[in-house]
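Here is a short tour for anyone meeting this protein model for the first time. Take a look at the sequence and the fold, then read on.

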Amino acid sequence: ACSGWDTDDLLRRIECPVWFEHGDRALGSAIFPGELERATSLLKHCTVVHIEGTGHVPWFVDQQRFTAEVTKFLEADG
């Protein structure tokens with residue numbers, strides 16, 4: 001939890017589907033180690049996609065795979 005925020009409670013309240021994309025070549029990450037797993041355990045509807053060989057800009061490095069994954073997520077029945 002961040003100072004003054006109960007992020008666990010906030011994550012549990014999210015009702016809409018959430019999509020995380022994760023590459024394996026990122027020099028830095030917006031999410032600290034272990035946070036992705038914690039967040040996905042608290043979200044009701046969560047999809048995590050690992051796109052190998054990409055880093056911070058997977059839509060640039062592997063546009064075809066990224067587009068296919070986003071399309072699949074957006075077209076999925078909730």
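Is Asp 8 buried, partly exposed or exposed? With a relative accessible area of 24%, Asp 8 is partly exposed. Keep in mind as you go that this is a predicted model.

**Charged pairs**

Let's stay with Asp 8 for a moment. Its side chain meets that of Arg 38 in a salt bridge, at 2.0 Å from N to O. This pair links distant parts of the chain, with Arg 38 in helix 2 and Asp 8 in helix 1 (residues 7-13), 30 residues apart. Arg 38 counts as partly exposed too, at 23% relative accessibility. Side chains of opposite charge can pair when their charged atoms come close.

In total, the structure holds seven salt bridges.

| Salt bridge | N to O distance |
|---|---|
| Arg 38 and Asp 8 | 2.0 Å |
| Arg 13 and Asp 9 | 2.9 Å |
| Lys 72 and Glu 69 | 3.6 Å |

Now for the second row. Arg 13 and Asp 9 sit four residues apart in helix 1, so about one helical turn separates them. Arg 13 is exposed, with a relative accessible area of 57%, while Asp 9 is partly exposed at 27%.

**Aromatic rings**

Next come the rings. How many aromatic pairs does the structure hold? There are three. One of them is formed by Trp 19 and Phe 66, an edge-to-face pair at 5.7 Å centre to centre with 70° between the planes. Trp 19 lies in strand 1 (residues 18-23) and Phe 66 in helix 4 (residues 63-75), so the pair ties together parts that are 47 residues apart in sequence. Trp 19 counts as partly exposed, at 22% relative accessibility. Phe 66 is buried, because its relative accessible area of 16% falls under the 20% cut-off.

Phe 66 has another ring partner, Trp 59, and this pair is also edge-to-face: 5.6 Å centre to centre and 65° between the planes. Put together, ring pairs link Trp 19, Trp 59, Phe 66 and Phe 73 into a cluster.

**A patch on the surface**

You'll find it in helix 3 (residues 58-61), and it is partly exposed, with a relative accessible area of 45%. Trp 59 is also part of a nonpolar patch on the surface, along with Val 57, Phe 60 and Val 61. Together these four residues have about 430 Å² of accessible area.

**One last stop**

Where is His 45 found? Look in the loop between helix 2 (35-42) and strand 2 (46-51). His 45 counts as partly exposed, at 36% relative accessibility.

Conventions. Residues are numbered from 1 along each chain as its sequence is written. This is a predicted model: local features need pLDDT of at least 70, side-chain atom pairs count only at pLDDT 80 or more; totals for chains, interfaces and linings use all residues. Side-chain values use heavy atoms; hydrogens and water are left out. Patches are made of residues with over 30% relative accessible area and no salt bridge: like charges are joined within 9 Å, nonpolar side chains (Val, Leu, Ile, Met, Phe, Trp, Tyr) within 5 Å. Accessible areas come from the Shrake-Rupley method with a 1.4 Å probe; for residues, only the protein chains shown count as cover. Helices (H or I, at least four residues) and strands (E, at least two) are DSSP runs, numbered from the N terminus. Buried means under 20% relative accessible area, exposed over 50%, partly exposed in between (1.4 Å probe, protein chains only). Rings of Phe, Tyr and Trp (its six-membered ring) pair if their centres lie within 6.5 Å; planes under 30 degrees apart count as stacked, over 60 as edge-to-face and the rest as tilted.
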